[in-house]
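Dear colleague,

Please find the structure below, handed over for your use. My findings follow directly after it.

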Amino acid sequence: DKAVLITEDNQSLLEKHFPYTLEVFASRHPITVMVADGSAVAACFCSRKTPYVAEAGVYTVDEYRKRGFAKEVVQRWAYAVQQVGLQALYSTDWDNIASQRIAASLGAVSYGVDFSFS
């Protein structure tokens, strides 16, 4: 399986499981997905974006987890982000072990811990 870049031509893949992402497409792209049964079942999108960096947001529909889909969509998303001249960032909570495993499998480098302005 290969991750697919969402464009205006294939946005309908988001309708079943990711309607909100479809609604905010302009601010979330690039968006990459894994397709199963005719719709996107895992997606990676820009959860935050500046003129210099984009932070990954990733989600896999429950019944499609543990198939490597998250790793595939994040990897393809990072490539797409870099192609438009942005630095790809991936963050996770301390207690999100599954997300930390994805980061490790991608060879992500830790760059910060619990930064706050308060």
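The mean pLDDT of this predicted protein model is 88, and 92% of its residues reach 70 or more; pLDDT is the predictor's confidence in each residue, from 0 to 100. Among the elements, β2 has the highest mean pLDDT (96) and α4 the lowest (79). Helices (H or I, at least four residues) and strands (E, at least two) are DSSP runs, numbered from the N terminus. Where pLDDT is low, the predicted coordinates should not be read in detail.

Residues are numbered from 1 along each chain as its sequence is written, and side-chain values use heavy atoms, with hydrogens and water left out. As the model is predicted, local features need pLDDT of at least 70 and side-chain atom pairs count only at pLDDT 80 or more, whereas totals for chains, interfaces and linings use all residues.

Beyond its neighbours within four places in sequence, Val-81 is in contact (heavy atoms within 4.5 Å) with Pro-30, Cys-46, Ala-54, Leu-86, Gln-87 and Ala-88. In soluble globular proteins, nonpolar side chains tend to be buried together.

The structure holds 1 aromatic pair. The ring centres of Phe-18 and Tyr-59 lie 6.3 Å apart with their planes at 75°, so the pair is edge-to-face; rings of Phe, Tyr and Trp (its six-membered ring) pair if their centres lie within 6.5 Å, and planes under 30 degrees apart count as stacked, over 60 as edge-to-face and the rest as tilted. Phe-18 sits in the loop between β1 (4-5) and α1 (19-23), and Tyr-59 in strand β4, 41 residues apart. Phe-18 is buried at 6% relative accessibility, whereas Tyr-59 is partly exposed at 39% (buried means under 20% relative accessible area, exposed over 50%, partly exposed in between, with a 1.4 Å probe and protein chains only).

Val-61 lies in the loop between β4 (53-60) and α3 (69-83) and is buried at 8% relative accessibility. Setting aside neighbours within four places in sequence, Val-61 is in contact with His-17, Phe-18 and Val-41.

Ser-39, in strand β3, is buried with a relative accessible area of 7%. Not counting residues up to four places away in sequence, Ser-39 touches Leu-13, Lys-16, His-17 and Met-34.

Yours sincerely
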